[in-house]
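Hi there,

Here is the structure I promised to pass on. Have a look at it first, and my notes follow below.

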Amino acid sequence: MNRLRGTISNIEVNGNLSLVTVHLQPPLTLKTIVVETPKTAAYLQIENEIDLLFKETEVVLGTAESPNISLQNRISGTIREVEQGQLLSKVLLETKWGGISSIISSNAVRQLGLSKGMNATAFIKLNEIMLSNT
Amino acid sequence: MMQIRIQKNLEGPSGPMLLDLDLNIEKGQFLTLYGPSGAGKTSTLQMISGLMRPDHGTIYFDGQPWVDISKNIHIKPQLRKVGYVFQDYALFPNMTVKQNLVFALSKNSSSKSIMDIMDIMEIGNLQSRKPDTLSGGQRQRVAIARALVQQPQLLLLDEPFAALDLKIRLRLQDYLGEVHRTYGLTTILISHDIGEIHKLSNRVVSLEQGKIAKQGTPSEVFVGHNLSGKFKFKGEVLHIEKNEVVYIVSVLIHNEVVKVIAQGSEIENLEIGDAVMVASKAFNPIIYKIQ
């Protein structure tokens with residue numbers, strides 16, 4: 001599980017859904033959608049510190065920083081390690097906000113030529129980030 | 001609606017122990033008392049029901065004093081509107097199911113209520129049987145029915161399903177949840193079954209050595225923090241196997257085995273038999289009707 005820490009900067013509520021914007025330092029904005037509202041979950045308060053959790057298998061990797069795709073949660077960094085299996089590989093990205101692991105197919109690693117020291121960007125879908133207030 | 005402030009010196013498993021409780025229970029609440037053996041859970045139920053007298057303190061129910069030791073008030077169990085169900089049924093063996101229920105009927109209630117209760121607990125077809133011809137699950141359904149016949153406002157259950165197998169237990173939990181809602185009861189359950197607690201209760205009070213160690217919703221007490229994942233289940237680790245760069249963890253949830261992909265860092269402290277929470281966002285699961 002990848003874990004990043006930030007501060008809630010905005011909560012947009014509609015019905016049972018909340019679109020939560022979280023600010024990280026150095027400045028970076030990540031967004032997540034949850035089936036909770038400030039009424040049902042006490043931790044949904046602006047300025048609350050919160051952990052963002054997302055699974056390694058839900059992290060998309062790209063070598064271009066701003067491709068035209070719908071994923072708006074983008075975190076750039078440098079590849080620290082590539083652990084290759086026959087079918088799956090684990091790519092460890094070092095970023096200003098902490099380490100992020102991504103599990104992608106080994107085929108994709110070869111196709112993109114991902115290797116240690118390269119710059120890469122992690123993309124995470126809006127609905128794949130969980131919030132946790134430990 | 002119920003205020004409990006009681007103290008009682010008890011003989012705990014490791015010597016004398018002071019049970020010291022300060023607890024307010026709202027009407028309609030389903031509260032579970034949780035904690036190790038000897039923490040004071042059963043004694044608490046006995047003092048609420050009137051079977052045991054506290055050394056000090058008060059119990060008020062809807063503003064009425066049930067117990068006020070300083071004023072020498074300790075009203076009899078039968079005058080408190082309490083239904084009590086134990087782990088070991090305690091039905092009269094020489095009476096049929098229906099006779100057991102009629103015997104428990106309070107003076108001012110009608111036998112119609114017996115029919116309603118037999119309906120909701122689905123024991124109508126057992127009414128002329130004697131308890132020793134019933135299975136454990138059937139007997140416990142009768143025991144709950146008998147407690148309900150007394151039209152209690154407060155239902156106390158001391159590990160009612162602990163001796164039953166999982167499948168029966170799951171069904172009886174459904175019955176219990178239904179009667180709690182249908183009769184607008186306030187219910188206090190003693191249970192060690194975390195799945196049961198999550199399913200039924202909206203508040204957990206965890207006792208240790210006679211004191212409240214923790215309280216809150218089941219998630220707050222057992223998970224320790226709030227997680228926004230809506231697809232959450234408690235389970236037990238059965239197996240961990242490395243596959244390429246990931247681990248496959250088999251987890252028993254109720255009576256199904258599910259598999260979860262995990263990372264090395266996640267399984268570092270994980271052992272076979274550990275209780276775990278499996279969580280995902282509500283967005284991920286696919287739902288379809290089974291024909």
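Two residues count as in contact when their C-beta atoms, placed from the backbone, lie within 7 Å. Please keep in mind that this is a predicted model. On that basis, among contacts in chain B between residues at least 6 apart in sequence, 65% link residues at least 24 apart. Chain B holds eight helices and 16 strands, and 32% of its 291 residues are buried.

Now for the core. The largest nonpolar core has 55 residues, and the members that touch the most others are I144(B), A145(B) and L156(B). The element that gives the most to this core is helix α4 of chain B, residues 136–149, with seven residues. If we leave aside residues up to four places away in sequence, A145(B) touches L101(B), I117(B), M118(B), M121(B) and I123(B). There is also a second, separate core of 25 residues, and L4(A), V91(A), L93(A) and V109(A) are among its members.

After the helix comes Q151(B), with a positive phi near 50°.

Best wishes

Definitions and conventions
Residues numbered from 1 in each chain as written. Chains lettered and ligands numbered in written order. Predicted model: local features only at pLDDT ≥ 70, side-chain atom pairs only at ≥ 80, totals over all residues. Core = buried A, V, L, I, M, F, W, Y, C linked by C-beta atoms within 7 Å. Buried ≥ 20, exposed ≤ 12 C-beta atoms within 10 Å, placed from the backbone. Helix = DSSP H or I, 4+ residues; strand = E, 2+ residues; numbered from the N terminus.
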